[in-house]
Amino acid sequence: MSAASATPDRAIDALAVADWRRRIAALYAELRAATDLEAAHDHWRRTRDELFAHHPASPLLPADRDAFTGLRGKPYDPAWRFECVIEDAPPQRLEVPTGTDGVVPFDRIGLVDVPGVGTLDVWRLASYGGGLFVPVKDALATVPGGTYGGGRYLLDTVKGADLGSGRAPWSLVLDFNFAYNPSCAYDPAWACPLAPAGNTVGVEIPVGERSGDGRLVL
């Protein structure tokens, strides 16, 4: 009997997710160190396309993998990169029920004011691991072929999606070119935290990952 055949499926699944997390963490470490942001964005896109297409922990449903040709998005636009200082906001608790992890709590630690976009709440995962979480839902979420209806993630640092700090104290890099869909956009079995009211803005954010798949530059 081979080692692989003796390994329980639940262990194989856990190891695949752990490997996915390691690869995402390594990718974002490269992004934080990058000086050519256009090239870094292209590397981010290509790496995620490869993971979605071939990695065993891909969020794509098995039936969707054969037809997958790439995630949808636009070329890098530096006008959508910001360094925002976290400002004070009244404490607030967000509790997200999930089918696998129970109720996942987040605490609001402040907000950022993004020029031309509006304010976004900044959340901290209030359970094991901590981590900063900044989702965003824009006006294209209601447009067919636009952005995912539940919003996208800018930062989810506990899972490796971390663009780092800005140059000013207590600031974050928020680059909307790297906004990505949560796993539930591809597989309804996932229960993902979606963008709450404080992370919903009335403007269109055309960059970052869009709904659907297929290598299409919009």
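A residue counts as buried when its relative accessible area is under 20%. The views below come from a predicted model.

**View 1. Tyr186 and Phe52 form an aromatic pair.** Tyr186 has 11% relative accessibility and therefore counts as buried. Phe52 is buried as well, because its relative accessibility is 3%. Across the whole structure, a search finds 10 aromatic pairs. In the pair of Phe52 and Tyr186, the ring centres lie 5.3 Å apart and the planes stand at 75°, so the arrangement is edge-to-face. Phe52 belongs to helix α3 (residues 37–54), whereas Tyr186 belongs to the segment after β7 (171–175); the pair therefore ties together parts that are 134 residues apart in sequence.

**View 2. Phe82 and Phe176 form an edge-to-face pair.** The centres of the two rings, those of Phe82 and Phe176, are 5.9 Å apart, and their planes meet at 85°, so the pair is classed as edge-to-face. Phe82 is part of strand β1 (residues 81–85) and Phe176 is part of the segment after β7, so this pair ties together parts that are 94 residues apart in sequence. Phe82 is buried, with a relative accessible area of 14%. For Phe176, the relative accessible area is 0%, and this residue is buried too.

**View 3. Four aromatic residues form one cluster.** The members of this aromatic cluster are Trp20, Phe52, Phe68 and Tyr186. Two of them, Phe52 and Tyr186, are the edge-to-face pair of the opening view.

**View 4. Strand β6 pairs with strand β5.** Strand β5 spans residues 132–136, and its pairing with β6 is antiparallel, over four bridges. Within this pairing, Val136 has Arg152 in β6 as its bridge partner. Strand β6 covers residues 152–156 and is mostly covered, with five of its five residues buried.

**View 5. Cys184 and Cys192 are buried cysteines.** Cys184 has a relative accessibility of 13% and so counts as buried. Cys192 is likewise buried, and its relative accessible area is 14%. A disulfide is a covalent bond between the sulfur atoms of two cysteines. The cut-off applied here requires a pair of cysteine sulfur atoms within 2.5 Å. By this rule, the count of disulfides is zero.

Technical notes. Residues numbered from 1 in each chain as written. Predicted model: local features only at pLDDT ≥ 70, side-chain atom pairs only at ≥ 80, totals over all residues. Heavy atoms only, no water. Buried < 20%, exposed > 50% of the residue type's maximum accessible area, 1.4 Å probe, protein only. Helix = DSSP H or I, 4+ residues; strand = E, 2+ residues; numbered from the N terminus. Pairing = 2+ DSSP bridges. Phe/Tyr/Trp six-rings, centres within 6.5 Å; stacked < 30°, edge-to-face > 60°.
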